[in-house]
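Work through the exercises below with the model open. Each task is followed by a stepwise solution.

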Amino acid sequence: MIDETFDAIVVGAGPAGNACAYTMASRGLKVLQLERGEYPGSKNVQGAILYADALEKVIPDFREDAPLERHVIEQRMWMMNDRSVSGMQYRSDDFNEERPNRYTIIRAQFDKWFSKRVQAAGALVICETTVTELVRNTQTGRVIGVRTDRAGGFIKADVVVLAEGVNGLLGERAGLRTPHKANHLALAVKEMHFLPRDTLEARFNLQGDEGVVIEAAGTITRGMTGTAFVYTNKESLSVGIGCLISDFKETGETPYGLLEGFRKHPAVAPLLAESDVKEYAAHMIPEGGYNAIPQLYGDGWLVVGDAGQFVNAVHREGSNLAMTTGRIAGEVIHQIKARRDPLDAENLSLYAQKLEKSFVMKDLKKYRNLPRALHNKHLFTTYPNLISQALQTWFRVDGVEKKQKENEIVKSFFRTRKFTGLASDVWSIARGWR
Amino acid sequence: MHIVVCMKQVPDSGQIRVHPVTNTIMRQGVPTIINPYDLFALEQALQLRDKLGGTITMLTMGPQMAEDSLRKAMAFGADRAVLLTDRFFAGSDTLATSFALATAIRKVGDTWGKPDIVFTGKQTIDGDTAQVGPGIAKRLDLHQLTYVAKIAEIDLAGRSITVERRAEGGVQVLRTQLPCLITMLEGTNSIRRGSMADTLRAARAEVVKWSAADAGIEDLTKCGLRGSPTVVKRVFAPTAREEKAHLIDTTGLGTDQIAQALMTEVLTRVPAIEGDLQRAAASY
Amino acid sequence: MSSDAKPAPAAGGRAGMKKELPEHFKAYKHVWVFVELEGNEVHPVSWELLGAGRQLADKLGVDLAAVVMAAPGIPARRAVAESFAYGADLAYLVEDPVLQHYRNDPYTKVFTHLVNTYKPEILLLGATTLGRDLAGSVATTLLTGLTADSTELAVDADGSLAATRPTFGGSLLCTIYTLNFRPQMATVRPRVMPMPERQEGRIGRVIEVKADLVEEDIVTKVLSFIPDRNSKTANLTYADIVVAGGLGLQSAENYQHVKNLAKVLCAEYGGSRPLVQKGWIEADRQIGQTGKTIRPKLYIAAGISGAIQHRVGVEGADLIVAINTDKNAQIFDFAHLGVVGDATRILPALTDAFRARFAVNRLAS
Ligand SMILES: Cc1cc2nc3c(=O)[nH]c(=O)nc-3n(C[C@H](O)[C@H](O)[C@H](O)COP(=O)(O)OP(=O)(O)OC[C@H]3O[C@@H](n4cnc5c(N)ncnc54)[C@H](O)[C@@H]3O)c2cc1C
Ligand SMILES: Cc1cc2nc3c(=O)[nH]c(=O)nc-3n(C[C@H](O)[C@H](O)[C@H](O)COP(=O)(O)OP(=O)(O)OC[C@H]3O[C@@H](n4cnc5c(N)ncnc54)[C@H](O)[C@@H]3O)c2cc1C
């Protein structure tokens, strides 16, 4: 047994755990962070989007040395059917600003960098160590530390922060929360496609560190609720697709099959041509939203990040909520410690109160019913096809008068998805969005 | 007993990518690891220390980030770690590497006591030369034991050591005197899992960092590119064979017919086999 | 242009790149091959090196010498005679009882003495456990360059040795020079170079050199030599026919198909690296860059994708036959003959076909 007691033990070294450990260590707390992977980020090979604001509130000068790939100056939203793409594109030179708002990153490198900063702030970070159990005081039930899979692995702490991500079994095993439901979890698969820098920049019309993000939905998910994406990194593209686990179960589709379909889509294939594909990773995303959030704190423990279902599926935000919940947890723990108060459920409830006031809970509440509304096959099959047809009718110059084209388009919508269906789709999404 | 283990941080070669079109190395995101061969040396050193007492000093020449690997080695149980790092070492070949390491080992000896055994891995997975160990042995005048599969016996009082060394077609049992240099064969043990206490100690430990000057290297012309007699002049991709394989047309053929067609094709192309096999068959 | 005065080499050009060879190295001439004699047998890699060395020597217009070190006796003499048959013009023969078994210390002493006395410009050794042990010590003693595991040896227009070897995990090759130092040393793995034609009755000059070794001066003692019980495994390198399997076989049980075919063909069996990692085959049956290099008359690869690290180990085979379900598998890029199909079905059928063929022949003869 280790004799010393830490102020806090953070389980997991993803964005949530790192933000939390950094916040506490930089405020002088004695922090131990334990990570299962070989190094922080080793389990996170994929590319991702980093939202600057959340990180800035943790590490204001992060731009100086963080491994950022490209800042995003263009967003494409695609609605796809099997042969076509329609959609919206927004590109602005305003995004070439001094402190850009969104960046593409490669998680393995980013997490490693973040962890270095955590260590520099004074936290002890130990990898290749799995926390197997939360240790409780047998009388009071208060969490007093953790047990790891190493010999002599019991370590004491005043508070344990669970930042174990969506796969973490610890909270579940300790009875702190129930298992995630299959309809609250999405399974995303990602690939890295390597391309020489100049080829990539020519293909996406980019200069320097400018980047593009493509988000796509439609028949590529074969009727299931989900989206696909392409992000530009410096010398690679992150390509992926994700759907609800419950849908995969129901349809028997495989994630990799979907990804292959997306990759081969006529609008996507030319972007990936001649690339060298490496690193295929599957990852779960908690998409239950507000309704799925578990109990967030108790005597001697807190939950942050994905482990607490903090993901905004609609806006594809996860890491920012992770960092924000991690930071707020860290601030709360420091505050309580500074008052020399115990880290019990009563005092830690401050964490939940602060979250309620932050954008985290407000956003998640706003979209609380959207997951259900989006779980509608027509959104991913019928509409993309209708829209594609409509646009083709509209753009083809073939001697048919425009008025007649309009009529045909409107008719096609009602023919395929009766008025009531159409109305209820619009209604439920609008309500979900409110 | 004082043991020095030389260790190198290497790129995980399984993850190195060569761009299919431009044939350039794509370094993005290639993780670094402890040279896997060196872990057999470390584990052997740990076992000796467990049995005979003493300390283990890890030594690495490499860039600043090699500190991670050294810390990891300490988490396995090594007592201290020295990182030899200096821009003058860049571009070292095996001769320059063994010069730098040998000089640093001398300094390690002056600082923490003369080593009884210096370990290295059999080879590295990036350079793959297996020359650094022998180079260090020669420069420090240590008895050289390469490809050691097992340490059969150590007599500290009598300063003798007996090992089993892998040789072509057999195992050589050698006895020599300490101090010696051992390059450890792969597959001879498996690295232990460090205890929680060792892991915490390693996370807090200070890795000693030496520049060339700190290590007592005076003649910088023996280091790095300048101290390396070998020169890499050209890096290129293997040329593809002009012709692709002649594929046997299997349309409409059953498995047995395919096998028959394949056998016939093989025997026409290498007729010598037919005779060999007939003779073999006849001698049954 | 003299780069002597330059303090540090600029990017792209290093001190070693300067053209002019220092005066005292100009006397270094001739190509040497170390003849590896262990347990009264010469390792065949030595003959392969004589073949490669012959070409270098002819290109340079110099002699090819074999270096034989051994205890006095018939094996040493026989090794010298064989060296001539495999192309050496002369042989340096050092006979001394202390050289009975290989030990680093006396061998290094004698070898460096020979080099310093007779000054060869190129020195080739087998990349065996013995050759690598010795080469590293000799190069360090002589303070010269050594290129490990070369796959190609050539002489440049200016007469320097260009040794090519794999780099970056085998995905690329690099050519290494030792421009300003002599001798230029390289090791080569067994079977990388073809076995040269043996020329019966070819003779050469023998230069006998005295070593004056004293057993008492040598600290390291050989207590015993335990020959490998299963010395068959070593035969993979030199087998005429090799059958190998890869991950495409899908299970350890299916690997039996490979063994069965090997048995019928009197062949050795091996496999790709993942099979070793999975424990389906022993480590010394791995074929490829980090396993054995082979040069059989016939190589059959079943369910092997043909990664570059595997390819470099088998390219020397006369006929490469690949069985793979994927018609785009890389192995078809360098195999001579291929079948697109399921190896787990074709292997047994092929085994039956060969068995039937040679059973019939046996009856006929
Ligand atoms: C692809 C490639 C090919 C090369 N080919 C040659 C060549 O043919 N000839 C040549 O002279 N140089 C060559 N080099 C350079 C050579 O690899 C470097 O000198 C390297 O630093 C040491 O050699 P190695 O990695 O081959 O070590 P090896 O001799 O294979 O290593 C044996 C052991 O020495 C120890 N060791 C090695 N390097 C260090 C270190 N930096 N710090 C601590 N311990 C260490 C480790 O215990 C290691 O297991 C090559 C490099 C590369 C990348
Ligand atoms: C530094 C380094 C060194 C290495 N050294 C070596 C080495 O020495 N030797 C070596 O082999 N590898 C080596 N490798 C590994 C090498 O890169 C490849 O990963 C390995 O060779 C792949 O093995 P494989 O062909 O068996 O498996 P895979 O690449 O998985 O290929 C399996 C093949 O089987 C086919 N297949 C599937 N089912 C069937 C079926 N039913 N019938 C027929 N075909 C089927 C598939 O189409 C596929 O082509 C090394 C790698 C590195 C990084």
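**Exercise 1. Which polar side chains lie beside oxygen atoms of ligand 2, and at what distance?**

Step 1. Start with C:Gln286: a polar atom of its side chain lies 2.7 Å from an oxygen atom of ligand 2. That is within the cut-off for a polar contact, a pair of N or O atoms within 3.5 Å; within protein, one must be able to donate a hydrogen and the other to accept it, and residues adjacent in sequence count only if both atoms are side-chain atoms.

Step 2. Check C:Gln309: a side-chain N or O atom is 2.7 Å from an oxygen atom of the ligand. For C:Asn324, the value is also 2.7 Å, again between a side-chain N or O atom and a ligand oxygen atom.

Step 3. Turn to cover. On its own, ligand 2 has 980 Å² of accessible area, and the protein covers 82% of it (Shrake-Rupley method, 1.4 Å probe; for residues, only the protein chains shown count as cover).

This is a predicted model: local features need pLDDT of at least 70, side-chain atom pairs count only at pLDDT 80 or more, and totals for chains, interfaces and linings use all residues. Residues are numbered from 1 along each chain as its sequence is written, chains are lettered from A and ligands numbered from 1 in the order in which they are written, and side-chain values use heavy atoms, without hydrogens and water.

**Exercise 2. How many residues of chain A are in contact with chain B, and how much area is buried?**

Step 1. Count contacts (heavy atoms within 4.5 Å): 34 residues of chain A meet 23 residues of chain B.

Step 2. Take the area. The two chains bury about 2300 Å², 54% of it on carbon and sulfur atoms (accessible area, 1.4 Å probe, that two parts lose on being put together, summed over both).

Step 3. Find the main contributors in chain A. A:Leu124, A:Arg150 and A:Phe194 lose the most area to chain B, together 23% of what that side buries.

Step 4. Look for salt bridges (side-chain nitrogen of Lys or Arg within 4 Å of a carboxyl oxygen of Asp or Glu). The count between chains A and B is five. One of them joins B:Arg204 to A:Glu4, with the closest N and O atoms 2.7 Å apart.
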